[in-house]
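Work through these exercises with the structure open beside you. Try each task before reading its solution.

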Amino acid sequence: MYHTLINIEELAAYRDKAYMIVDCRYDLADQSVGKQNYNLSHIPGAIYLDLMEDLSGPPITNKGRHPLPTDEAMNQLFANIGITSDMQVFVYDDQAGAFAARLWWMLKHMQHECVAVVDGGWQAWKNAGHPTTNEVVTTTSSDFQTSANQGDVVLIDDLETVSCLIDSRDPARYRGELEPIDPIAGHIPGAKNRFWQVNLTEQGVFKDRETLYLEWQELLGSSNADDAVVYCGSGVTACHNLLSASHAGLPMPRLYAGSWSEWSRAPGKSIASGD
């Protein structure tokens, strides 16, 4: 079973047991592009889930730009698409895992361990010459029903007690030099910066486990990985860092899902800038 990543050759050959492939392609600038691209061509057998429609929910758990669905909504989603307790799930996108990691984390949050992101994603699959299709897949619903891991999510009012806070955004946004989306530039005071893209090689796949482990150990310092909290702009690309730490063999850090989009709009919250 695969728990963090699977490469495209392993995916192409995978026949071990019941599995599902989920296409999570998305474009923040044009929210319809991901579904359009899926309809044009996708990995055979893949279904499609949309970041806004399926992987986000009303601002109940947090008030960021992409609020997490409630645990009840996640259970319903996974039941609707037919995930069963013993099913292996593979997820991919065309942004090096930036969006696929959100679904990966949601399944982990609901204690479904057998889920992995396709390393290299859609581009790697196509470049290797593996087959594609435009056939839309239908699934049969299941009785998926689990309890969530309540310890892996941190709310805005809990951040003051966090000893190691990690910002996953571009360094320029972290330093407050620019802010293309949210109303205020900067970062949460005390946060360190690990841009999610540093998890990748120049070829757009994840670095090897040993390299990631050493990088995370240097970043964490004396803190334990599962005591650290990771955020980004809206709780999406932060999951890429959570996947990276898990792939490195470390306990998964926690997620502040509201992230900068919530913090920067909350009254009375301090803003830091620079390094």
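**Exercise 1. Classify Asp27: is it buried, partly exposed or exposed?**

Solution. The model is predicted.
- Start with the number: Asp27 has a relative accessible area of 30%.
- Compare it with the cut-offs: buried means under 20%, and exposed means over 50%.
- The value lies in between, so Asp27 is partly exposed.
- Now place the residue. Asp27 sits in the loop that links β2 to α2 (33-40).
- Finally, take a distance. Asp27 and Ser244 are 217 residues apart along the chain, and 22 Å separates their C-alpha atoms.

**Exercise 2. Give the strand order of the five-stranded sheet, and find which strands stand at its edges.**

Solution. Begin with the background.
- Strands of a sheet pair through backbone hydrogen bonds, either parallel or antiparallel.
- Here the pairing is parallel, and the open sheet has the order β1-β5-β4-β2-β3.
- Read off the ends. β1 (5-6) and β3 (46-48) each have a single partner strand, so one side of each is left without a neighbour in the sheet.
- Check the β1 end. Two bridges pair β1 with β5 (residues 115-118) in the parallel sense. Ile6 has Val118 of β5 as its bridge partner.

**Exercise 3. Describe β4: which strands does it join, and which way do its side chains point?**

Solution. Take the partners, then the side chains.
- β2 and β4 run parallel and are joined by five bridges.
- Look for Val89 opposite Val115 in β5.
- Next, recall a rule. In a regular strand the side chains alternate between the two faces of the sheet.
- Apply it to β4. Gln88, Phe90 and Tyr92 point one way, while Val89 and Val91 point the other way.
- Finish with burial. Five of the five residues of β4 are buried, so this strand is largely enclosed by the rest of the structure.

**Exercise 4. Locate helix α4 and explain why it is largely enclosed.**

Solution. Set the helix against the sheet.
- α4 (residues 100-109) lies across β2 (19-23), β4 (88-92) and β5. Its angle to β5 is about 175 degrees.
- Count the burial. 10 of the 10 residues of α4 are buried, so the helix is largely enclosed by the rest of the structure.
- Look at the residue types. The buried set includes Trp104, Trp105 and Leu107, and also Arg102, Lys108 and His109.
- Ask what covers them. The cover includes β2, α3 (71-80), β4, β5, α8 (238-247) and β9 (254-255).
- Step past the helix. Gln111 follows α4 and has a positive phi, near 60 degrees.

Methods: Residues numbered from 1 in each chain as written. Predicted model: local features only at pLDDT ≥ 70, side-chain atom pairs only at ≥ 80, totals over all residues. Heavy atoms only, no water. Pairing = 2+ DSSP bridges. Helix = DSSP H or I, 4+ residues; strand = E, 2+ residues; numbered from the N terminus. Contact = heavy atoms within 4.5 Å. Axes fitted to C-alpha atoms, helices over the stretch in contact; angles between N-to-C directions. Buried < 20%, exposed > 50% of the residue type's maximum accessible area, 1.4 Å probe, protein only.
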